[in-house]
Amino acid sequence: MNDRRDLAVVQPPAGSLATVHGLSALLADYHLQTEAEKGRPVADAAALPAAYRAEVEDPDGAFAGAAVLVARDGDTAVGCVVVTAPSEGRAEIKRLWTAPDFRGRGVASALLDAALAHSARSGVRTVRLSVWRWRTGAVSLYERLGFSVTASWDEREELVCMERTSQEPDPCTEQDRS
């Protein structure tokens, strides 16, 4: 089922992430699931490694300068994604997560569409991401959206690095041709 009728993707204002109902829970679920998949399960968010715990406890500090997009179904946060600030024409997508009860409804696709649109508006030409090899559904989704596997910038085993380059013509180049 791909029902997006009540789905909205929003970018909360900078400095307000801690007040977004459900965002910390989504980030905690993402990290708890990831640690379990890596064979290092932890009991709760308080037991996460410090860097991950910081994202849950202080998303404004952890994602300063990045765009955090939240998918909402009514008043419920059902997914999130982080897009890093552009650097040298490139941005990175991180922390894409959909609440398990909302999977199969187009939430991840809507978040990625919004993340790619945000990147394009920011002048980004290349968007990159990394994903664990065992997350085959995510890898397939990224491939459907035009991402391809590229040389790794992260040496962690089982991590797949992917990128997508904008196909839109560069307006400066186009002007030079006329």
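A polar contact is here a pair of N or O atoms within 3.5 Å, where, within protein, one atom must be able to donate a hydrogen and the other to accept it. The model is a predicted one, and in it the side chain of Ser16 reaches the backbone oxygen of Pro13 at 2.6 Å, a pair that falls within that cut-off because the limit is 3.5 Å. Ser16 is found in the loop between strand 1 (7-10) and helix 1 (23-37), and it is buried because its relative accessible area is 16%, where buried means under 20%.

Seven strands form an open sheet in the order 1-2-3-4-5-7-6, and their pairing is mixed. Strand 1 and strand 6 (148-149) stand at the edges and have a single partner strand each, so one side of each is left without a neighbour in the sheet. Strands of a sheet pair through backbone hydrogen bonds, in either the parallel or the antiparallel sense.

Both senses can be followed through strand 4 (90-98). With strand 3 (residues 76-83), strand 4 pairs in the antiparallel sense over four bridges, and there Val82 stands opposite Lys94 in strand 4. With strand 5 (126-132), strand 4 pairs in the parallel sense over four bridges, and the bridge partner of Ala91 in strand 5 is Val127. Strand 5 is mostly covered, since six of its seven residues are buried.

Thr126 has its place in strand 5 and counts as buried because its relative accessibility is 15%. Leaving aside neighbours within four places in sequence, Thr126 is in contact with Gly89, Arg90 and Ala91, and also with Glu163, Arg164 and Thr165. The C-alpha atoms of Thr126 and Ser166 are separated by 6.1 Å, although the two residues are 40 residues apart along the chain.

## The largest pocket

Which elements give two or more residues to the lining of the largest pocket? The pocket holds about 790 Å³ of space, and the elements concerned are helix 1, strand 4, helix 4 (107-121), strand 5 and helix 5 (136-144). Strand 4 provides the largest share of the lining, with seven residues. In total 36 residues line the pocket, and those nearest its centre are Tyr30, Leu96, Arg135, Ala138 and Tyr142. By residue class, the lining divides into 16 nonpolar, nine polar and eleven charged residues.

Most residues other than glycine have a negative phi.

Not counting residues up to four places away in sequence, Asp154 touches Leu159 and Cys161.

## Accessibility of selected residues

Where does Glu57 lie, and is it buried or exposed? Glu57 is found in helix 2 (residues 50-57), and it counts as exposed because its relative accessibility is 56%, where exposed means over 50%. Glu57 and Arg105 are 48 residues apart in sequence, and their C-alpha atoms are 28 Å apart in space.

| Residue | Relative accessible area | Class |
|---|---|---|
| Ser16 | 16% | buried |
| Glu57 | 56% | exposed |
| Thr126 | 15% | buried |

Methods. Residues numbered from 1 in each chain as written. Predicted model: local features only at pLDDT ≥ 70, side-chain atom pairs only at ≥ 80, totals over all residues. Heavy atoms only, no water. Buried < 20%, exposed > 50% of the residue type's maximum accessible area, 1.4 Å probe, protein only. 1 Å grid on protein atoms, 1.4 Å probe; cavity = no way out; pocket = protein on both sides within 12 Å on 5 of 7 lines; lining within 4 Å. Points joined across faces, edges and corners; volume = space filled by probe spheres on them. Nonpolar A, V, L, I, M, F, W, Y, C, P; charged D, E, K, R; others polar. Contact = heavy atoms within 4.5 Å. Pairing = 2+ DSSP bridges.
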